[in-house]
Amino acid sequence: VQLQASGGGLVQAGGSLRLSCVASGRTFSASTLGWFRQAPGKDREFLARISGSGTRASYADTANGRFAVSRDNAKNTAYLQMNSLKPEDTAVYSCAAGSHSSWYSNDFTYWGQGTLVTVSS
């Protein structure tokens, strides 16, 4: 599985962005997908994950209420809608894919290149 995140850019505080993650491979609809970010000088941080069918989603506290994860299996694409962005949301955002068990372990096998999100104050 190959993944490519896109949709990052420069946005003012309070604004919104929608990130996309396009995946290759036949097993997309069976894969748990996750979104992570890494700010300069900080560890990678989990944000959200979504089940293969798209019927279950789980969020980290920092993302809960502001971010929403979704997917379109017909397009092999997952999305992360980010609202009410803050300067501290500035980071490289990446998507990852794993098996069904990744929903429980939060461990992912495949990682894509990230997309930079910069939030100005």
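**View 1. The disulfide of Cys21 and Cys95.** A disulfide joins Cys21 to Cys95, with an S to S distance of 2.1 Å; the term denotes a pair of cysteine sulfur atoms within 2.5 Å. Cys21 lies in strand β3 (residues 17–23) and Cys95 in strand β9 (residues 91–98), so that the pair links distant parts of the chain, 74 residues apart. Strands are DSSP runs (E, at least two residues), numbered from the N terminus. The model is predicted: local features need pLDDT of at least 70, side-chain atom pairs count only at pLDDT 80 or more, and totals for chains, interfaces and linings use all residues. Residues are numbered from 1 along each chain as its sequence is written, and side-chain values use heavy atoms, with hydrogens and water left out.

**View 2. Geometry and burial of the cysteine pair.** The link of Cys21 and Cys95 is right-handed, with 75 degrees about the S-S bond. Cys21 counts as buried at 1% relative accessibility, and Cys95 is likewise buried, with a relative accessible area of 1%. Buried means under 20% relative accessible area (1.4 Å probe, protein chains only), exposed over 50%, and partly exposed in between. A search of the whole structure finds 1 disulfide.

View 3. Leu3 is placed in strand β1 (residues 3–6) and is buried, with a relative accessible area of 8%. Leaving aside neighbours within four places in sequence, the residues in contact with Leu3 (heavy atoms within 4.5 Å) include both Cys21 and Cys95, as well as Tyr110 and Trp111.

Definitions and conventions. Helices (H or I, at least four residues) and strands (E, at least two) are DSSP runs, numbered from the N terminus.
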